[in-house]
Amino acid sequence: STNHQMDEAIKLILQYNNIFIASHINPDGDNIGSMLAISLALRKINKNVSVLKSDVLPEDFMFLPGSHDIQEYKEELGPIDIFIVVDCSDEDRLGNNKALLSNAKKVINIDHHISNTMFGDLNIVDPKSAATGELIYKLIKKMGISLDIDIGSNLYTAISTDTGKFSYESVTSRTHRIIAELIDIGVDFNTINLNLYENMSIEKTKLFIQSLSTLKFYEGNSIVTLKITKEMLKHAGAKMEDAEGIISFIRKIESVEVACVLKEIEMNNIKISLRSKRDVDVALIAQSFDGGGHIRAAGCSINSNIEEAEKEIVGKIREVVR
Ligand code: 5GP
Ligand code: MN
Ligand code: MN
């Protein structure tokens with residue numbers, strides 16, 4: 001069980017000293033917040049902790065306590081006693097840090113994706129958790145490490161961002177109890193919310209406006225797609241990470257059940273994000289393209305040009321929506 005795996009993980013953590021933490025590429029609030037929260041907690045019990053960068057870190061999250069300690073792996077960091085991988089459904093999602101899995105004495109996989117491949121020596125995987133941050137909270141509490149504002153700010157960010165500000169159906173009373181405790185210890189949620197949600201750059205705003213001209217509807221307006229090309233980024237002076245959030249905006253449209261955003265990473269490398277509202281399991285759709293995720297939020301990649309990729313993904317979504 002998850003509880004048993006957590007007990008075993010705690011034994012390992014107490015036994016070893018050099019702990020490495022990493023997570024998935026295309027970072028988000030849950031994986032960054034989870035990595036930082038567990039790293040700060042383990043440093044409080046004097047562990048030698050390295051938090052590894054798997055990908056470019058979005059500027060938006062650099063306000064988080066500990067974020068400036070995230071670094072590229074290098075051998076000088078020493079032997080990897082324990083490799084804690086958070087919020088990461090499979091090994092490939094680790095990017096370059098995947099290679100470290102075989103260097104580590106023990107791998108602890110902490111995640112909430114239903115599609116998790118259980119690649120760890122220990123697997124604390126609970127799809128009922130609304131965010132990996134909830135599992136990290138539980139682990140920290142179980143270890144008897146006291147929460148503080150820095151740890152709490154990271155947990156708040158992890159949980160808020162992965163639950164659409166505590167609104168998705170993944171949210172439970174436990175989610176709210178954790179957040180209540182964070183507020184009780186003094187986490188400044190107002191400032192965090194301003195940093196996370198009221199901080200849109202002009203470049204991102206321009207990108208949003210441009211990309212909205214590519215909106216397309218299918219199946220009685222129940223499917224909506226939007227495209228973000230490299231050309232648009234150049235034009236808006238924006239980065240691909242600025243596309244974050246556009247998908248939740250187009251999902252708001254009344255008739256929409258499935259929203260799909262296609263991002264042109266390279267000419268023939270299209271990153272696809274999927275969101276659903278009520279009925280459709282988008283994780284299943286993503287899995288049919290070797291991706292994964294959650295019932296209401298998932299993603300995958302298609303190696304063709306953006307128009308072809310759109311045809312392919314819409315074809316698949318149509319089969320499910322019909
Ligand atoms: P996003 O659309 O924000 O990139 O991702 C939504 C969800 O789907 C996240 O939980 C993320 O972990 C998952 N996801 C996105 N892309 C992929 C992918 O290529 N492979 C897998 N396994 N999961 C993905
Ligand atoms: Mn994530
Ligand atoms: Mn997550």
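Tutor: Let us begin with a definition: two strands are said to pair if DSSP finds at least two bridges between them. Please keep in mind that this is a predicted model.

Student: Which residue stands opposite Tyr218 in strand 7?

Tutor: Ile223 of strand 7 is the residue facing Tyr218. Strand 6 and strand 7 (residues 223-228) are joined by three bridges, and their pairing is antiparallel.

Student: What is the order of the strands in the open sheet of six strands?

Tutor: The order is 6-7-8-9-11-10, and the pairing is mixed. At the edges lie strand 6 (216-218) and strand 10 (292-293), each of which pairs on one side only.

Student: Where does Asn221 belong in this picture?

Tutor: Asn221 sits in the loop between strand 6 and strand 7. Its phi is positive, about 65°, although Asn221 is not a glycine. With a relative accessible area of 39%, Asn221 is partly exposed. Phe166 likewise has a positive phi of about 65° without being a glycine; Phe166 is found in the loop between helix 4 and helix 5 (173-184).

Student: Which residue coordinates both the manganese ion (ligand 3) and the manganese ion (ligand 2)?

Tutor: Asp87 coordinates both ions, which are 3.7 Å apart. Asp87 lies in the loop between strand 3 (82-86) and strand 4 (106-111), and Asp162 in helix 4 (residues 149-162), so this pair ties together parts 75 residues apart in sequence.

Student: Are Asp87 and Asp162 buried or exposed?

Tutor: A residue counts as buried under 20% relative accessible area. Asp87, at 2% relative accessibility, is therefore buried, and Asp162, at 19%, counts as buried too.

Student: How many of the residues of helix 3 (residues 132-142) are buried?

Tutor: In an α-helix there are 3.6 residues a turn, so residues three or four places apart point the same way. Helix 3 is mostly covered, with eight of its 11 residues buried; among them are Leu135, Ile136, Leu139 and Ile140. After helix 3 comes Gly144, with a positive phi near 75°.

Note on methods. Residues numbered from 1 in each chain as written. Chains lettered and ligands numbered in written order. Predicted model: local features only at pLDDT ≥ 70, side-chain atom pairs only at ≥ 80, totals over all residues. Heavy atoms only, no water. Helix = DSSP H or I, 4+ residues; strand = E, 2+ residues; numbered from the N terminus. Donors = N, O, S within 2.8 Å, 3.2 Å for Na, K, Ca; no water. Buried < 20%, exposed > 50% of the residue type's maximum accessible area, 1.4 Å probe, protein only.
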